Amino acid sequence: MATKQTLQTPVLDREATGLLRLVSEQGGYAFVMMVGLGEGGDMGAAEAAREMAWEQIQGGPREDDVAVPVWMEAYSMACLMVAKNWVDRGEAREAMRVVDMGLIMGGGGVLRGEMEMAAKTVAEMVRNEREKGGLVVEEDGRGSELYFNGVNGDEVLPIKSLSSTIVKKKSSLSLEGFLRDYFLSGTPVIISDSMNYWPARTKWRNVDYLKRIAGYRTVPVEIGKTTLSQERNQELITFSEFLNRLLSPDSAAAPTHLSQHPLFDQIKELRNDVFIPDYCRAGGGELRPLNAWFGPAGVVTRLCHDPHHNILAQAVKMIRLPMVFQVVGKKYVRLYPAFLSEELYPHNETILCNSSKVDLDNIDEMAFPKVRDLEFVDCILDEGEMLYMPPNWWHYMRSLTPSFSVGFRWNASDG
């Protein structure tokens, strides 16, 4: 007789009373009542509590333009409660969907660690179910090996691309050389041959592997050719559905992509396939969460800047052929130094102040007369290469092929 599966939540059990008191102070009496019913196994009440917290995150009171933290913690609480009810019913896949929503939308407070542990536990349940049922990967008729047939993306690049100064490329650059020649002077550089040992370099070439490891996980995606633009649409879909869209012959019509999502905090199994470059130790500062960019050719990151030291690792890229794919390819990157910020016309709004009003693919020279003649450096970033971008350097990127990139950001120590 099989042992009934359960999801243990000791932190939630310990902290629930205090969290519910804080929610009550925010006027969340109905939420507290629904939690009480949900804890007794009432799935409808548990889902109602999750919906109430979601509504507060989306349209409730704000602090510094983000949801009040207690409601984000309340959402995590409700997600854990709903997930426990699904596990009790033997529905691990449904529990996984809810836990992923808690990881994506919940707070980073006292329940974050419990949510991550729940993700690990429930993911193991799902994998066991799939193996017992003989389902190792969601087959869709495509081959799992990816093949390359070349690419020419020059015609889609902004004006003056690759006509001026190209970012220098160094093979297997030592940490001392990086510090001396690039980090301290604030100079961009491409580093090659420093991630050949990453498991991702081989494992992420295989679509079946990605589906097996993460296919049943829910991820936030954007629809549109420009990342983080006001025109984009957003969806929550499974990673398998995302891969199917990416590999579809119709992917160019409505490009679907992951952009600046902390995928590796959410799906630890993928995190195990990459390693922190030694270069990120420069300055002795703190490494921030890793971000993932994964999407088709033609997706553009419009001109923006980041206050942190930044290494973009071009792990793998995929080129589409009829029903067959290979991991390899390129990304165009243009960089403007930080001292040109005013000439790049940043937005005035606080939330967009690190973004430029300029569309490099279609420059309005009447509105932005200074841009055309500004000096910049640029490059084609290839598979297996890392690009160091100093703090506050402006960057524009265009994927010339479907690609999977990893971003490492860190602060230098004040000491």
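Predicted model: local features only at pLDDT ≥ 70, side-chain atom pairs only at ≥ 80, totals over all residues.
Student: Among contacts between residues at least 6 apart in sequence, what percentage join residues at least 24 apart?

Tutor: The figure is 78% of those contacts in the chain.

Student: How are two packed helices described, and what is found for α2 and α4?

Tutor: Two packed helices are described by the angle between their axes and by the distance between the axes. Helix α2 covers residues 29–39 and helix α4 covers residues 69–88; their axes come within 10 Å and cross at roughly 20°. Angles under 35 degrees count as roughly parallel, and α2 and α4 are therefore roughly parallel to each other. Their crossing is left-handed.

Student: Which residues of α2 and α4 meet?

Tutor: On the α2 side they are Phe 31, Val 35, Gly 38 and Glu 39, and on the α4 side Trp 71, Ala 74, Met 77, Ala 78, Met 81 and Asn 85. By class, this contact of α2 with α4 has 7 nonpolar, 2 polar and 1 charged residues.

Student: At what angle do α1 and α4 pack, and how is that angle classed?

Tutor: α1 and α4 pack at about 135°, with their axes 10 Å apart. An angle over 145 degrees would count as roughly antiparallel, and 65 to 115 as roughly perpendicular; α1 and α4 are therefore oblique to each other. α1 passes α4 in a left-handed crossing. From α1, the contact is made by Leu 12, Asp 13, Ala 16, Leu 19, Leu 20, Leu 22 and Val 23. From α4, the partners are Val 70, Trp 71, Glu 73, Ala 74, Met 77, Leu 80 and Lys 84. In terms of class, the contact of α1 with α4 has 11 nonpolar, no polar and 3 charged residues.

Student: Which residues is Phe 31 in contact with, leaving aside its neighbours within four places in sequence?

Tutor: Phe 31 is then in contact with Leu 20, Val 23, Ala 49, Met 52, Ala 53, Trp 71, Ala 74, Met 77 and Ala 78.

Student: Is Leu 7 buried or exposed?

Tutor: Buried means under 20% relative accessible area. Leu 7 has 5% relative accessibility and therefore counts as buried. Leu 7 is placed in the segment before α1. Not counting residues up to four places away in sequence, Leu 7 touches Ala 83, Lys 84, Val 87, Ala 118, Thr 121 and Val 122.

Student: Is Gln 234 buried or exposed?

Tutor: A residue counts as exposed over 50%. Gln 234, at 56% relative accessibility, therefore counts as exposed. Gln 234 lies in strand β7 (residues 233–238). Gln 234 and Val 221 are 13 residues apart in sequence and 5.7 Å apart in space, C-alpha to C-alpha. Beyond residues up to four places away in sequence, Gln 234 touches Val 221 and Glu 222.

Student: Where are Thr 301 and Asn 291 found?

Tutor: Thr 301 is found in strand β10 (residues 300–305), and Asn 291 in strand β9 (residues 291–295). Thr 301 is buried, with a relative accessible area of 12%, and Asn 291 is buried at 7%. Leaving aside neighbours within four places in sequence, Thr 301 is in contact with Thr 227, Trp 293, His 395, Tyr 396 and Met 397. On the same terms, the contacts of Asn 291 are Gln 260, His 261, Pro 262, Phe 264, Ser 405, Val 406, Gly 407 and Arg 409.

Terms used:
Residues numbered from 1 in each chain as written. Heavy atoms only, no water. Axes fitted to C-alpha atoms, helices over the stretch in contact; angles between N-to-C directions. Helix = DSSP H or I, 4+ residues; strand = E, 2+ residues; numbered from the N terminus. Left-handed = near helix turned anticlockwise from the far one by under 90°. Contact = heavy atoms within 4.5 Å. Nonpolar A, V, L, I, M, F, W, Y, C, P; charged D, E, K, R; others polar. Buried < 20%, exposed > 50% of the residue type's maximum accessible area, 1.4 Å probe, protein only.
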